[in-house]
Amino acid sequence: MMLPWPPIPGRGARRNAAIDVDQPEMETPQHPGIALALGGGAARGWSHIGVLRALDEAGIRIGMIAGTSIGALVGGCYLAGKLDELEEFARSLTRRRFLGLLDLRIAAGGLFGGMKLTARMTEHIGALNIEDLPKPFVAVAAEIGTGHEIWLTSGSLITAMRASYALPGVFEPVRCNGRILVDGALVNPVPVSVCRAMEQRVVMAVNLHYDAFGRSSVLKHDAGPLVVDQPTPNRFGRSQQQQVEQRIGITGVMVEGYNIIQDRISRSRMAGDPPDLSIQPRLAHIGLADFHRADEAITLGYEAAKARLHEVERLQAVLG
């Protein structure tokens with residue numbers, strides 16, 4: 001069964017415009033629930049599972065889901081009826097098991113191809129299309145080359161989810177119906193605007209970066225003297241700079257840089273188009289690559305949602 005939703009208004013060719021892909025003409029649902037905007041945040045996104053569990057327990061009706069990055073993964077699996085399988089998979093991950101799912105790619109658009117992850121998803125989801133889901137679903141991605149914000153509203157669910165979490169430099173971009181797509185958090189980390197464009201009356205966001213304090217600060221700093229020579233090696237034969245770079249690693253630098261971008265964009269976009277309610281699990285201590293900490297992240301998401309259930313119930317009451 002497929003519930004309808006209105007077409008996206010205002011197609012445009014301008015940079016960073018939201019572009020719908022194969023958007024069908026549909027009508028507004030007669031009995032909508034609360035629209036969820038599930039934000040990106042890599043490993044912190046396992047907390048979305050806990051949020052959805054709490055909402056289900058309380059009997060909260062969900063009208064649609066818009067997801068970015070891991071928010072698209074969790075939201076898509078939820079609407080496909082595969083949240084149990086995703087949770088079991090997430091809780092089973094160790095550092096070694098997660099690394100075993102990453103297929104190293106040389107001279108590709110990313111360090112990892114992601115095909116092993118895709119194979120695992122295909123085992124449970126198969127060839128399910130977005131339009132086959134019981135509620136409207138939108139996965140947000142970004143197009144390489146144009147910078148367009150892409151709203152994937154139909155076609156392969158697995159392809160849409162893969163495109164939405166294809167972190168640049170880490171996962172290979174996804175070719176999707178003539179477009180080359182990467183992680184949607186580059187353009188819309190918490191997709192409240194997607195739900196608004198779909199004319200949803202009540203929108204609730206799950207923001208995974210709420211307690212990442214200090215990233216919006218502006219600091220004055222002394223550049224120090226001009227450095228021409230190589231840093232002086234320490235007693236272990238490596239410079240301090242080399243030690244820091246080795247500790248962070250190439251992927252660590254990319255992920256942390258991406259984290260800064262995502263935090264800045266989400267602050268700006270949510271200030272301009274705030275949700276009716278925001279669930280904000282405290283996840284700053286969980287690293288973006290800590291996929292092995294699913295138990296903790298899921299629990300924190302569950303507790304954050306339970307703490308605000310009375311407000312969620314008030315929003316549901318507005319819908320009748």
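This short talk describes the annotated site, the strands around it, the nonpolar cores and the cysteines of one protein model.

The model is predicted: local features need pLDDT of at least 70, side-chain atom pairs count only at pLDDT 80 or more, and totals for chains, interfaces and linings use all residues. Residues are numbered from 1 along each chain as its sequence is written, and side-chain values use heavy atoms, with hydrogens and water left out.

I begin with the annotation. The unreviewed UniProt entry lists S69 and D183 under "active site". UniProt positions are given here in the numbering of the model, feature names are shortened, and such annotations may be inferred rather than shown by experiment. The two residues are spread over 115 residues of sequence, yet they cluster in space, with a largest C-alpha distance of 5.9 Å.

Where does S69 sit? S69 is found in the loop between β3 (62-68) and α2 (70-79). Helices (H or I, at least four residues) and strands (E, at least two) are DSSP runs numbered from the N terminus. D183, for its part, lies in strand β9, residues 179-183.

Are these residues buried or exposed? S69 counts as buried because its relative accessibility is 3%, and D183 is buried with a relative accessible area of 1%. Buried means under 20% relative accessible area, exposed means over 50%, and partly exposed lies in between, using a 1.4 Å probe and protein chains only.

The side chains of D183 and S69 are joined by a polar contact of 2.9 Å. A polar contact is a pair of N or O atoms within 3.5 Å; within protein, one must be able to donate a hydrogen and the other to accept it, and residues adjacent in sequence count only if both atoms are side-chain atoms. Not counting residues up to four places away in sequence, S69 touches G40, V140, S164, Y165, D183 and Y258.

Next, the strands beside D183. Strand β5 (residues 137-143) runs antiparallel to β9, joined by three bridges, and A141 stands opposite D183. Strand β8 (residues 174-176) also pairs with β9 in the antiparallel sense over three bridges. Two strands pair if DSSP finds at least two bridges between them. In the hairpin of β8 and β9, two residues lie between the strands, and N177 takes a positive phi near 50 degrees.

H209 also deserves attention. H209 is in the loop between β10 (203-206) and α8 (240-272) and is buried, with a relative accessible area of 4%. Its side chain makes a polar contact of 3.4 Å with that of R44, and a polar atom of the H209 side chain lies 3.4 Å from the backbone oxygen of G40.

The largest nonpolar core has 71 residues, of which I34, L36, W46, L55, F137 and L152 touch the most other members. Its largest share, seven residues, comes from α2. A second, separate core of 19 residues includes A35, M64, V192 and A197. A nonpolar core is a set of buried Ala, Val, Leu, Ile, Met, Phe, Trp, Tyr and Cys residues joined through side-chain atoms within 4.5 Å.

Finally, how many disulfides are there? The structure holds zero, a disulfide being a pair of cysteine sulfur atoms within 2.5 Å. Among the cysteines, C77 counts as buried at 5% relative accessibility, and C176 is buried at 11%.

Note on methods. Contact means heavy atoms within 4.5 Å.
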